[in-house]
Amino acid sequence: MLGAIEAGGTKFVCAVGDSNGKIVERVQIPTAVPEETIPKVLEFFQSYSLDAVGIGSFGPIDVNPESPTYGYITSTPKEGWMNYPFVQSIKEALSVPIGFNTDVNAAALGEATYGAAKDLDSCLYITVGTGIGAGAIVQGKLLQGWSHPEMGHILVRRHPGDQYEGKCGYHQDCLEGLASGPAIEARWGDKGVNLVDREEVWELEGYYLAQALMQYILILSPKKIILGGGVMKQKQVFTNIRKYLVELLNDYVTLPDLHSYIVSPGLGDDAGITGALMLAREAAEK
Ligand code: ADP
Ligand code: ZN
């Protein structure tokens, strides 16, 4: 049996499942401070005999095995989690191998194994939610260098009519600062879910996300782009992204039909937790 943790800013999803990605039991735990959340996570896993645990975590995190702080959450503004030794605290309690990567890398892995990019050796998974982040599978492997990519914090061209200053605590008007769920709420004065009929909201969202996709396409040339996260529940954003992307690319690169190229997660909301199971499988095999 394998354990999986999808650690998000608002909630932790914990699951046990098998190496085929089948989830047999799961639980949701609110993300409070680690001293509150982690004991509940461990309690859930206590009754299972696990071969390994996979963690897909919000970040930034330290994924460099050579680093003295490997397994830590590094620079989050989330109370209590800055410099938190995530892998170490789970490993100490459960004494099993731990797979550790970002939430979006886990989701990319899940989608590439069982979801919308099944049978492809290349894809990009982007989440547009509380934050913006992306994980890439390149030539069959998760893209990693010095650390993991942080594609949500790229700079985009501002819309001439957009006066909103931006929400990113590090860069102010980076992509996440202009187009995340909290940025939408701050700019328009209401949560995205209450702005469904405000066309201009989703136009602007498409305008910014299309720029990001253009850059990801030009740099990575992914075979499939999967967009998840709360904001992408607004299906009109897909339409607007495709529209602006066609304008921006201006026929310079050839792409597949955009309706099959830019898609929702095949695993729906289970992309991340399924990918965390895959991280556990890898850890068990090592
Ligand atoms: P998280 O990023 O915390 O894991 P989500 O992916 O659900 O969780 O993202 C939450 C953000 O998405 C919030 O800012 C919320 O306002 C926004 N959001 C959630 N559902 C919707 C929706 N149906 N339409 C528009 N925005 C949404
Ligand atoms: Zn930023």
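**Side chains, domains and salt bridges**

A: The side chain of Lys224 reaches the backbone oxygen of Ser260 at 2.8 Å, a polar contact being a pair of N or O atoms within 3.5 Å, where within protein one must be able to donate a hydrogen and the other to accept it, and residues adjacent in sequence count only if both atoms are side-chain atoms. This is a predicted model, in which local features need pLDDT of at least 70 and side-chain atom pairs count only at pLDDT 80 or more, while totals for chains, interfaces and linings use all residues. Residues are numbered from 1 along each chain as its sequence is written, chains are lettered from A and ligands numbered from 1 in the order in which they are written, and side-chain values use heavy atoms, with hydrogens and water left out.

Q: Where does Lys224 lie, and is Lys224 buried or exposed?

A: Lys224 is placed in the loop between helix H6 (199–220) and strand E11 (225–228); helices (H or I, at least four residues) and strands (E, at least two) are DSSP runs, numbered from the N terminus. With a relative accessibility of 16%, Lys224 counts as buried, since buried means under 20% relative accessible area, exposed over 50%, and partly exposed in between (1.4 Å probe, protein chains only). Beyond its neighbours within four places in sequence, Lys224 is in contact (heavy atoms within 4.5 Å) with residues including Ala116, Leu120, Cys123 and Tyr261.

Q: Which backbone oxygen does the side chain of Thr274 reach?

A: The side chain of Thr274 reaches that of Asp270, at 2.6 Å. Thr274 belongs to helix H9 (residues 271–285) and is buried, at 5% relative accessible area. Setting aside neighbours within four places in sequence, its contacts are Gly21, Ile23, Gly110, Tyr114 and Leu267.

Q: How is the protein chain divided into domains, and what area is buried between domain 1 and domain 2?

A: The size of an interface is often given as the accessible area lost when the parts come together. Here, domain 1 covers 2–102 + 269–285 and domain 2 covers 116–264, with bounds that come from an automatic or database domain assignment. Their centres, taken over C-alpha atoms, are separated by 26 Å. About 760 Å² is buried between domain 1 and domain 2, and carbon and sulfur atoms give 50% of that area; buried area is the accessible area (1.4 Å probe) that two parts lose on being put together, summed over both. Val63, Asn64 and Asn101 supply 39% of the area that domain 1 buries against domain 2, more than any other three residues.

Q: How many salt bridges are counted between domain 1 and domain 2?

A: Side chains of opposite charge can pair when their charged atoms come close. Between domain 1 and domain 2 the count is one salt bridge, that is, a side-chain nitrogen of Lys or Arg within 4 Å of a carboxyl oxygen of Asp or Glu. Lys233 and Asp269 form a salt bridge, their closest N and O atoms 3.4 Å apart. Asp269 is exposed, at 60% relative accessible area, and Lys233 is exposed at 51%.

Q: What does a search of the whole structure find?

A: The search finds nine salt bridges. In one of them, Arg187 and Asp162 meet at 3.0 Å, N to O. Arg187 lies in helix H5 (residues 181–188) and Asp162 in the loop between strand E10 (141–142) and helix H4 (175–179), so the pair ties together parts that are 25 residues apart in sequence. Both Arg187 and Asp162 are buried. A network of salt bridges links Arg158, Asp162, Asp173 and Arg187.
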